[in-house]
Amino acid sequence: MKHVLGLIIILLFIIGFSLVLTVAGNYILPSQEIRSLAKYYLYLAYNPWHRNFTVMSPEAVTSIVWDFRGLDTVFETAVFYLAIIGSIALGRGIVKYSKPSGKLGLSLIVKTVTRISAVMIIAVAASIALHGHLTPGGGFQGGATAAVAPLLILIIFSHYYLLEKGVTKDLMLFLRSLGLTGIGIVAIIVYLMALPQGIHAYVLQNQPKPDSSIGLPAYIDGQLISGTLWFFNISEFFAVMAGFTIVFLLITIPERAFKKEEEVERQ
Amino acid sequence: MIEDILVVIGMIMIGVGAVADLIAAIGMNRFKNFYLRLHAATIGTIWGAFVPLIGASLVATGCYCLGSYRWFVTGGGIITAFLVLILAPAGSHALARATHRSGLVKVEPCVVDHLNEEMCVKEG
């Protein structure tokens, strides 16, 4: 009976796919017209001839995320910040727990492979974040990728190895606060630059606008950085990487170690 | 001339990969215990993923129609192949070691098990 059901599902899947590929393809087609809003975004993402409207970033997604709808992304980061704060609050009171004796972690083969791959993961993550304004990717994606390296080390080497290497909850909390402060400063930096000159500017402004002639430089030494986008991506990278690492550190505290401390406290 | 040789060698490697994947799939279904099936799965990742990836890199290197972009394909293929080569054995090693040490899966049928005699279930 089970086999018959599985066979029917597979057959239905194949027939459905064939239908989509042959008959339905003639009737259901995506529209060839680009919607006017999308046209506007694509036209202005990188457009040096319209300096008052462009973002100067060839990556349309990053231009939308950090410029056209920048405020939304700042709020998203704030939500993520609150989630991390919540998880830290749940893990409060876990101050000290002793390292168990004996060999920790998986075998030497797995550890060696992790040593090689963790470095590569960090390198790829940094490239995703630093090229966020040129190629698909960005601060959040890069940070999430970088957080995989501490997760692997936590599982394969043990929780205490990471702590002994100095990757503690407090350091990560500091890095995350640094990243968030960076986002906050970059959000108002054009406004701060305009203030002494008596020009008015906007929060989350990147390039000059029609009624505000000030903006961050799009190029530094001939390299495209797209004004605020590069700084936003770096800050977000640190904030997200450190935030995820804190959560991983908290969820891998062994329950045994924690319980022992509690019992000691009760006595 | 050299590009034709590269493409042919690459195609052969991709073909070998396809055959190896078929063999690995048969092994996954036919082998009798967990450790043997893990062996079949690793055939699928090394012969069925590492070798065709190198083959695809060779095909891309020999294919002048791709222009200078062929080096991107080649580089991506070789790096991915290297990662598969080091990560897949480490993963299957970790799985097999954890399973054997925790004693979750007995070795059955077994001829000899030097690591732990109690895990060895002789046939018959």
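1. Buried residues make up 19% of the 124 residues in chain B, where buried is taken as 20 or more other C-beta atoms (placed from the backbone) within 10 Å of a residue's own, exposed as 12 or fewer, and partly exposed as in between. Bear in mind that this is a predicted model, with local features needing pLDDT of at least 70, side-chain atom pairs counting only at pLDDT 80 or more, and totals for chains, interfaces and linings using all residues. Residues are numbered from 1 along each chain as its sequence is written, while chains are lettered from A and ligands numbered from 1 in the order in which they are written.

2. Chain B has 3 helices and 0 strands (DSSP runs numbered from the N terminus: helices are H or I, at least four residues; strands are E, at least two). Its radius of gyration is 19 Å, well over the 14 Å from the globule rule for 124 residues, so chain B is more spread out than a compact globule (C-alpha atoms are used, and the rule is 2.2 Å times the number of residues to the power 0.38). Along the principal axes, the C-alpha atoms fill a box of roughly 60 × 25 × 20 Å.

3. On to the interface: 6 residues of chain B are in contact with 7 residues of chain A, contact being C-beta atoms, placed from the backbone, within 7 Å.

4. Over in chain A, helix 4 buries A:Gly70, A:Thr73, A:Thr77 and A:Ile84. Seen down the axis, the buried residues of this helix fall within an arc of 60 degrees, so they line one face (the arc is that of the directions from the helix axis to the C-beta atoms). The face turned away carries exposed residues, including A:Leu71, A:Phe75 and A:Leu82.

Definitions and conventions
Contact = placed C-beta atoms within 7 Å.
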